[in-house]
Amino acid sequence: MDNSLLIEKIRNKFDGVSPKAYVRSFGCQLNTSDGEKIKGLLGEMGCSFTNDEKEADIIILNTCAVRENAEDRVFGIVGSMKKLKELKPSLIMGISGCMTAQSHIAEKIKKSYPQIDFVMGTSAINSLPQLLSDCLDGKSFSADISEYDDFSETAPQIRESTFKASVPIMFGCDNFCTYCIVPYVRGRERSRKPDDIISEVRQLVNDGYKEIMLLGQNVNSYGNDLGGEMSFPQLLRKLNEIDGDFIIRFMSSHPKDASKELIDTIFECEKVAKHLHLPVQSGSNDVLDRMNRRYTAEKYLETVDYIRSKDSGFSLTTDLIVGFPNESDEDFEATLDIIKRVKYDNIYSFIYSKRSGTVAAEMEDFTDEKTKGQRMRRLLEIQREITTESYRRFVGRTMRVLADGVSSKREGYLTGKSNEFIIVEFEGDSSLIGQFVDVEITDSMNWAIRGKIKAKK
Ligand code: SAM
Ligand code: SF4
Ligand code: F3S
């Protein structure tokens, strides 16, 4: 049945009463963006939204599978929601997102969690009206975990923010890093059409959005499947030409594909943020090889040196995995060496989590959990010192900051992100949220920098 007819049918079933929906997304920004599309479709069906699951008539948990603890958390929440269903038998509960794409998880949900009414795969968002219609028709369990090629281009979106927008430019991943579940749950790389992306960004800028975050598991391979129509640097240049006062960010960049052309483009496009998230994962060549990352620490450092030859203070951040199977003391020391050498402004570090179905899950691992925990603490301690030291370079500078919220640490203060993706805290009124302000930096801490507003832009 056509989606618009289904939507009409669902509206009629609700009999003019607007059902309340609770949608919670876990994991990365791509998943949050999918959550915004799920909300958009629910909005079309006449739903209103609540942040309190106890009030909800429809609950959708949009899940992440990247680490075991992410999955455990969702199972914990699903377990605790059983009570809600007992109190309100008409409650509809569904699970979407990356967990559903693993057949053993979909099976476990069906068998062990009868409170769940439907399961919807990562590319099946447009099936939501059908799945809800099945539930309203009394079907006890429905699932659509098929892989679809269309990108839910037509799905409406209810965005979380009125000034920061995520724009997926591609879906899936072809890299098959040996530890990672993403290629199995998100499928192969598919790039959106350049014209669709450009018109979406133009519309967002016209609507007043100030930050555009381009998303993909490896944005550097954007366009590889478009027959040479457009590469990622070319897309950045096109977006940079759009009139308006806004900043373009992107993530993630795989270091094996971070070309000089990309770096030159960042420097030449004034709207592109002067920050690069370049996940290194490990400083050890042996570990990088076993991770199938397809670069060496030396090659990675060549890219860093090229960036820093253009701007010695250029802001870099990274992802790191601690305790990959059989990571030795020497391997871990090599990771410490690379963070000391690169001096990242920030790192996102994770203890390795075994993901069933991946190549690394079959690797022997003699490193005990206690050692992994100790390594993580040491890594974080060293990075704290690096961040504290490296943030001092901003003191005395005036930085352009997009104010994005009220500080939870200091009354009367706002926080925002600088062009370099650094958290900035400054005194200010909440009416400035969503605007660019110039902040004169007076202090640095190990998690943020602090300053005074100089002039409003
Ligand atoms: N595509 C991005 C890239 O390659 O940088 C990252 C995507 S992944 C969702 C985000 C981060 O999670 C990775 O960079 C990696 O550090 C971490 N990660 C992925 N699989 C993991 C695992 N099995 N255990 C621990 N961390 C993992
Ligand atoms: Fe996972 Fe590697 Fe793909 Fe990133 S590039 S999503 S880490 S497989
Ligand atoms: Fe993102 Fe987690 Fe899926 S990190 S792509 S939501 S496995």
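Guide: Gladly, and please keep in mind that this is a predicted model.

Visitor: Which strands make up its lining?

Guide: Strand 11 (247-251), strand 15 (398-406) and strand 16 (413-418) each give at least two residues to the lining of the second largest cavity. Strand 15 has the largest share, three residues.

Visitor: What classes of residue does the lining of the second largest cavity have?

Guide: Four are nonpolar, two polar and four charged. Among the lining residues are Glu211, Arg249, Arg400 and Lys417, and these four count as charged because Glu, Lys and Arg belong to that class.

Visitor: Why is the pair of Arg159 and Glu200 called a salt bridge?

Guide: The closest N and O atoms of Arg159 and Glu200 are 2.8 Å apart. The cut-off is 4 Å, so the pair qualifies. Arg159 sits in the loop between strand 6 (142-144) and strand 7 (164-168), and Glu200 in helix 8 (residues 194-206), 41 residues apart.

Visitor: Why does Arg159 count as buried?

Guide: Its relative accessibility is 18%, and buried means under 20%, so Arg159 qualifies. Glu200 is also buried, with a relative accessible area of 18%.

Visitor: What makes Arg392 partly exposed?

Guide: Arg392 has 48% relative accessibility. That value lies between 20% and 50%, so Arg392 is called partly exposed. Arg392 forms a salt bridge with Glu389, the closest N and O atoms being 2.8 Å apart.

Methods. Residues numbered from 1 in each chain as written. Chains lettered and ligands numbered in written order. Predicted model: local features only at pLDDT ≥ 70, side-chain atom pairs only at ≥ 80, totals over all residues. Heavy atoms only, no water. 1 Å grid on protein atoms, 1.4 Å probe; cavity = no way out; pocket = protein on both sides within 12 Å on 5 of 7 lines; lining within 4 Å. Helix = DSSP H or I, 4+ residues; strand = E, 2+ residues; numbered from the N terminus. Salt bridge = Lys/Arg side-chain N within 4 Å of Asp/Glu carboxyl O. Buried < 20%, exposed > 50% of the residue type's maximum accessible area, 1.4 Å probe, protein only.
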